[in-house]
Amino acid sequence: MKICSGVDAITGEFVAIDFDEKIHSIRKFEPTESRDGLHLAPGLVDLQVNGFAGVDFNNPQAPLAEIGRALEAIVSTGVTRCLPTVITGPPDAMLASLSNLYQAKMSLPLGRAIAGFHVEGPHIGAEDGSRGAHPARWVRPPDLDEFARWQEATEGNIRLVTLSPHWPDAPAYIAALAQSGVAVSIGHTGANADQIAVAVDAGATLSTHLGNAAPGLMPKFPNCLWDQLAEDRLSASFIADGVHLNGAFLRAALRAKGVERTILVTDAAAPAGAAPGRYRLGELDVDLTADDRVVLAGTQKLAGSALRMNRAIANVVRSGDLSLAGALQAATTNPARLIHLEGRTKGLEIGERGDIVVFRKTLKIVVEAVYLDGTRFA
């Protein structure tokens with residue numbers, strides 16, 4: 001049994017938590033008993049991670065030891081559960097990447113940090129802008145047989161799929177996935193209002209990195225951004241790195257969604273946590289620039305991010321867009337609820353998993369310790 005004490009960063013109460021794999025007791029005590037400045041929060045949850053520490057999760061040949069090293073780097077930022085993300089690519093390569101990542105989940109000491117997998121594409125908008133950095137030649141319509149192959153390769157561990165609802169078969173596809181317990185997100189799209197409404201009726205519950213991967217030129221209204229912001233049945237994920245989104249848009253979007261429907265993601269790619277230089281994202285070359293942007297090699301087009309989740313939280317708190325409690329909710333219980341992550345939907349409560357991050361709050365979120373199922377990994 002372990003004990004962590006400090007300020008519950010979401011409730012503001014001073015607590016001592018007894019835990020191992022699960023939280024067994026929580027004792028509240030007077031503020032005068034805590035003088036070390038430590039804050040406690042549930043382990044962070046990242047629904048969109050394409051790679052980290054120089055390792056590309058979209059490489060079917062990525063050595064398991066390298067994936068393990070990437071997971072160690074991710075956990076050091078306070079993340080205890082993540083969804084490695086496979087993007088649009090050749091069918092065989094996507095399937096092989098998922099299979100390789102599943103082997104990492106099942107065999108590595110930190111494999112349990114992999115809560116499942118996010119497939120972003122290939123059923124997205126094919127046009128420039130909506131497609132983002134995804135390769136156009138591999139964009140294709142929704143296919144339930146292909147989804148079944150993903151699930152077979154991962155033994156049912158696909159937790160989230162992002163697609164554009166403009167495809168004629170999208171509503172039936174979304175309904176089938178939602179009925180199977182898989183979360184479906186709208187993203188990389190220029191879909192119209194009717195297509196978005198039908199997708200939500202069918203079971204879509206999220207907008208993927210809203211404000212990015214949309215048409216470069218859109219009517220003032222209606223457009224796919226307004227339609228998703230105004231839809232109260234959709235939560236929205238945001239990349240709060242100061243690069244992907246203009247401050248005014250992010251502030252307005254967070255106000256539209258409210259804390260309850262806001263999710264912070266990193267969309268980290270292989271360069272995250274690594275030195276500036278050239279890396280891979282699937283079949284693409286990407287560069288990490290000196291000012292911390294990840295772009296398609298030789299262009300200014302964004303291709304994932306170099307963001308770390310503790311920095312995403314600090315960014316939205318420092319800007320005043322969210323309180324610390326709100327930012328932590330957006331990076332813990334909100335994403336856990338979206339993917340129905342057992343033992344992680346209630347926060348620091350008795351019976352929840354022993355996933356705890358201990359940190360100090362200055363202008364940054366400085367991670368001091370990270371526990372996953374009661375075991376300290378950072």
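1. In this predicted model, the buried residues of helix α8 are Met309, Asn310, Ala312, Ile313, Ala314, Val316 and Val317. Helix α8 spans residues 309-318, and seven of its 10 residues are buried, so the helix is largely enclosed by the rest of the structure. Directly after α8, Gly320 adopts a positive phi of about 85°.

2. As a general matter, nonpolar side chains in soluble globular proteins tend to be buried together.

3. Neighbours within four places in sequence being set aside, Leu47 is in contact with Leu83, Thr85, His118, Leu160, Ile263, Val265, Pro335, Leu338 and Ile339.

4. Two helix pairs may be described in turn. Packed helices are characterised by the angle between their axes and the distance between those axes. For helix α2 (residues 91-107) and helix α3 (residues 144-154), the angle is about 25° and the axes are 8 Å apart. Since angles under 35 degrees count as roughly parallel, α2 is roughly parallel to α3. The crossing of α2 past α3 is right-handed.

5. On the α2 side of this contact are Pro91, Met94, Leu95, Leu98, Ser99 and Tyr102, which meet Glu146, Arg149, Trp150, Ala153 and Thr154 of α3. By class, the residues of the α2 and α3 contact divide into seven nonpolar, two polar and two charged.

6. Pro171, Ile174, Ala175 and Ala178 of α4 meet Val198, Ala199 and Ala202 of α5. The residues of this contact divide into seven nonpolar, no polar and no charged.

7. Within α4, the residues Ala170, Tyr173, Ile174, Ala175 and Leu177 are buried. What do the buried residues of α4 pack against? Their partners are α3, β10 (158-163), β11 (183-186) and α5. Just after α4, Gly181 has a positive phi of about 95°.

8. Leu64 lies in helix α1 (residues 64-75). With a relative accessibility of 29%, Leu64 counts as partly exposed. Apart from neighbours within four places in sequence, Leu64 is in contact with Asn100, Gln103, Ala104, Ser107 and Leu108. Leu64 and Ala126 are separated by 62 residues in sequence and by 32 Å in space, C-alpha to C-alpha.

9. Ala297 is located in the loop between β17 (294-296) and α8. Its relative accessibility is 25%, so Ala297 counts as partly exposed. The C-alpha atoms of Ala297 and Ser76, which are 221 residues apart along the chain, are separated by 28 Å.

10. Which peptide bond is cis with omega near 0°? The bond is that from Gly121 to Pro122, and Pro122 lies in the loop between β9 (117-120) and α3. The peptide bond from Phe221 to Pro222 is also cis, with omega near -5°. Pro222 is placed in the loop between β12 (206-207) and α6 (224-229).

11. Asp292 has a positive phi of about 70° and is found in the loop between β16 (284-288) and β17. At 38% relative accessibility, Asp292 counts as partly exposed. His340 has a positive phi of about 55° and sits in the loop between α10 (333-338) and β18 (356-361). Is His340 buried or exposed? At 55% relative accessibility, His340 counts as exposed.

Conventions:
Residues numbered from 1 in each chain as written. Predicted model: local features only at pLDDT ≥ 70, side-chain atom pairs only at ≥ 80, totals over all residues. Heavy atoms only, no water. Contact = heavy atoms within 4.5 Å. Buried < 20%, exposed > 50% of the residue type's maximum accessible area, 1.4 Å probe, protein only. Helix = DSSP H or I, 4+ residues; strand = E, 2+ residues; numbered from the N terminus. Nonpolar A, V, L, I, M, F, W, Y, C, P; charged D, E, K, R; others polar. Axes fitted to C-alpha atoms, helices over the stretch in contact; angles between N-to-C directions. Parallel < 35°, antiparallel > 145°, perpendicular 65-115°, else oblique. Left-handed = near helix turned anticlockwise from the far one by under 90°.
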